[in-house]
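Here is a brief report on a two-chain model. It looks at how the chains meet, then at one residue.

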Amino acid sequence: MKPGGIALIVVLVVAGITAFNSFFVVSEAEQALVVQFGNVKEQVREPGLKLKIPFVQEVHILDKRILDLDVPAEEVIASDQKRLVVDAFARFKIIEPKQFYITVFNEEVARQRLQSLINANLRRVLGNVEFSAVLSEQRAVLMQRIRDLVNTEAQGFGINVVDVRIRRADLPEENSQAIYQRMETERKQEAQQYRAQGAEEAQRIRANADRQRTVLLSEARRQAQILRGEGDAQATKIYADAYGLDPQFFEFYRSMEAYRQALGKQDTTMVLSPKSEFLKFLAPVQ
Amino acid sequence: MPWQNQNGGKDRGPWGQGPQNRGPQPPNIEDLFKRGQDRFRGTFGGGFGGKRGITVVVAVLVALWLFSGFYRVESDQQGVVLRFGKWTETTAPGLNYHLPYPIETVLKPRVTRINRVDVGFRSGGNDFTRGSAARDLPEESLMLTGDENIIDIDFTVFWEIKDAGMFLFNIQDPEGSVKAVSESAMREVIGKMPLQMALTAGRSDVQEETKQLIQQTLDSYGAGILVREVNLQGVDPPRAVIDAFRDVQAARADQESAKNQAEAYANDVIPKARGEAARIEQEAEAYKAQVINDAEGEASRFRAVLKEYEAAKDVTRTRIYLETMQDVLQGMDKVIMDENATGGVVPYMALPELKKQGGGQ
């Protein structure tokens, strides 16, 4: 190849590299800082193709989106000395890239700073309220308060904390066991109560049935005695009316009837005197 | 190189989709020339050389490069076209064209797809059913209720992309955010509710309130996400105490059955007693009728006899007496003793002997 051709290629290559070095792309989700010898020259907030001085300036790309931050679970003591394990997370945004770059330099450091900030404020806020407040309408308010407190300090890093949320606020394992026991005994009580109520109702129903039976039968017996008495009375009157017509004859007649019924059986032995009325013809009259 | 600088040395792209340098490589002019020449020589046996060959190669490469701008947007997607990273256009499903890399790139979020996030368990498949291989995750599903009890809740959140731009450019980890926010929201809602209510009547309230809270929080992030539904998959007492809870159910059943048994007893006893009472009364009625009838019968017999007696008193009296004595004495052992014959001595009579004789007959 001719020397002119090689020179042309070299020039083209150098020009190309220079051109590439003068441009940089900031995407929709990013923001950038143009840094010259450690000094921030420019903040780029809008996406697109951007220009810079080649080789002299370098570009720092920072995220513009809402970033997530997980805070490791942490044991916190509420004001009533109850311990709880709080697992929180935060969402934050770099709003002042320059400030951010100067104070914390990169996301890594920012995350560490934020974590300790959030932890400290979690303790502060939750340590001032009773445990039951976390389990109430107040929870949202508490989370807001933590966010606001974190925010005042995070502003210094060019960060806006969009949200701090308690993901979990649970009791430590030992306390959970105590709760399980309480739940179990409560349920046992409840079950016992249901069974006892069942027995109560059953007794009531049975006793009521027994009472009704006793009343029914005694009423029937009363009625029966009344009827029997009426029958006896009427019969007595009928007898009296009839027998009263001739009491002497009744006595005789009824005695005869009674003899017939009461005596006259095989196993009766009668000792008779020949002088008796019945045998008066047996012995000659003296 | 400045082109790679835009990633700032991170290995994740700004959208978390891996390195940015997929697609055609940035044209390196030196390489391009060399490669073109090599290929040209290879094809034409090195006979031509010179400018014409290079021109053809460059033209083919440029054509290929321009052609690489065609892309397809599937029916559940939306094309988001970025020119040098700036969002310029949103395209509909079908075949579309964008200026080739590195001028324009396209992102294709699935906007109509409904995504699911499981909390408290992991389902086996990606289906919308809760797979049989569901694995419980107690650390996610156990939570405190408002009355300081513990409840085990598994739920699924269904969501879709509401605004592709917001979804892509506003938030770092949309799926992770949905999950974290869902967990937090559910705990917040359950934390205000007593256990019994959460287990029974409060179910639909929990779903609705949680859904709203998740939506509200995600909106505050500008996440571009629409929460379709929060679906409670299982609301149970914790496994450690579930037996006690089941026993309560059993106790309720026991209560009911004790009551039913007693009712059955009552239903058996009372009609029987009624029957018994009726029997007693009927017997008494019968007795009454019997006694009266007997009396009337006997009385009228007596009257009849009396009437005849009055007609001939002595004869009748004697006749009745003799007839009766005849009947009475007929079947009897009789001893006739004359006291004059014994001479006043009390006669010995073996009454037991006589009795035995009488019994022996």
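How many bridges join strand E9 of chain A to strand E12 of chain B? Four, between residues 269-272 of chain A and residues 333-336 of chain B, and the strands run parallel. Strands pair if DSSP finds at least two bridges between them. Leu272(A) has Ile336(B) as its bridge partner in E12(B).

The model is predicted: local features need pLDDT of at least 70, side-chain atom pairs count only at pLDDT 80 or more, and totals for chains, interfaces and linings use all residues. Residues are numbered from 1 along each chain as its sequence is written, with chains lettered from A and ligands numbered from 1 in the order written.

The contact (C-beta atoms, placed from the backbone, within 7 Å) takes 105 residues from chain A and 102 residues from chain B. Helix H9 (residues 242-311) of chain B gives the most to its side, with 39 residues.

Helix H7 (residues 247-262) of chain A meets helix H10 (residues 313-330) of chain B. Their axes come within 9 Å and cross at roughly 10°. H7(A) and H10(B) are therefore roughly parallel (under 35 degrees).

| Helix | Contact residues |
|---|---|
| H7(A) | Phe252(A), Met256(A), Tyr259(A), Arg260(A) |
| H10(B) | Arg317(B), Ile320(B), Tyr321(B), Thr324(B), Asp327(B), Val328(B) |

Ile77(A) is in strand E6 (residues 67-77) of chain A. Ile77(A) has 13 other C-beta atoms within 10 Å, so Ile77(A) is partly exposed (buried is 20 or more, exposed 12 or fewer, partly exposed in between). Beyond neighbours within four places in sequence, Ile77(A) contacts Arg83(A) and Gly127(A). The C-alpha atoms of Ile77(A) and Phe131(A) are separated by 8.4 Å, with the residues 54 apart along the chain.

Terms used:
Contact = placed C-beta atoms within 7 Å. Helix = DSSP H or I, 4+ residues; strand = E, 2+ residues; numbered from the N terminus. Axes fitted to C-alpha atoms, helices over the stretch in contact; angles between N-to-C directions. Parallel < 35°, antiparallel > 145°, perpendicular 65-115°, else oblique.
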